[in-house]
Amino acid sequence: MKLKQLEGLLGDLEQFSNPKVELEQYPTGPHIASRMLFTAENSYGDITDKVVADFGCGCGTLSAAAALLDAASVIGFDIDPESLETATLNAEELEVEIDFVQCDITKLELKGLIVDTVVMNPPFGTRKKGADMEFLSAAMKVASKAVYSLHKTSTREHIKRAALRDFNAKSAEVLCELRYDLPKLYKFHKRKEVDIAVDLWRFEPR
């Protein structure tokens, strides 16, 4: 599947109708989601025929991208039942098979399930300090091949140090810097939209 085709299909997905600020729910736009998964597959072969988990999957954009790129199976995990309802409808609309599981990522225990690749757009940790690191720690325990994750560019050094020192990463590489277009979703947002610089990381577990 070509990048433009993937981006087009993801652009039709439903997003949060009632985003929850405490969960830092922001949609992963089709531009970023398509590039993230397309790179994971075309540069590293980490999606097609692989078991892919989407941590904090929200409305399932990254899950859908993985399924469209012919992952062997895709599992989306999220704590919010409302988001998972939307994600399920999105999967049905695209006619792709995705399993969705309601759970707290920080308490995740996957017994006997081998996950090749974890993809995620975790909370940036602006509402709950360290939430981004909790997600990364959980992902590194689960993935056997690679973790793809988005983090604020301003946290780059901190992320790299923690991944290599604390989370047993064999490598931690910024693949590219992207502009995350943050729409005005919450009352405290002053501007209509704001651009945040984010890094697309690829972590390899030991």
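D70 sits in the loop between α3 (61-68) and β2 (73-78). Helices are DSSP runs of H or I with at least four residues, strands are runs of E with at least two, and both are numbered from the N terminus. The model is predicted: local features need pLDDT of at least 70, side-chain atom pairs count only at pLDDT 80 or more, and totals for chains, interfaces and linings use all residues. Residues are numbered from 1 along each chain as its sequence is written, and side-chain values use heavy atoms, with hydrogens and water left out.

D70 is not a glycine, yet its phi is positive, near 65°. Most residues other than glycine have a negative phi. N168 is not a glycine either, and its phi is positive at about 60°. N168 lies in the loop between α6 (156-165) and β6 (169-183). N168 is partly exposed, with a relative accessible area of 46%. Buried means under 20% relative accessible area, exposed over 50%, and partly exposed in between (1.4 Å probe, protein chains only).

## The chain as a whole

The protein chain has six helices and seven strands. From the N terminus on, they run α-α-β-α-β-α-β-β-α-β-α-β-β. The chain has 206 residues, and 51% of them count as buried.

M36 belongs to helix α2 (residues 30-44). M36 is buried, with a relative accessible area of 1%. M36 and C176 are 140 residues apart in sequence, but 9.5 Å apart in space, C-alpha to C-alpha.

D54 is part of strand β1 (residues 51-55). D54 is buried but has no salt bridge. Such a bridge needs a side-chain nitrogen of Lys or Arg within 4 Å of a carboxyl oxygen of Asp or Glu. The nearest side chain of opposite charge is R202, 16 Å away. Lys and Arg count as positive and Asp and Glu as negative; His and the chain ends are not counted.

## E95 at the surface

E95 is in the loop between α4 (81-94) and β3 (99-102). E95 is exposed, with a relative accessible area of 73%.
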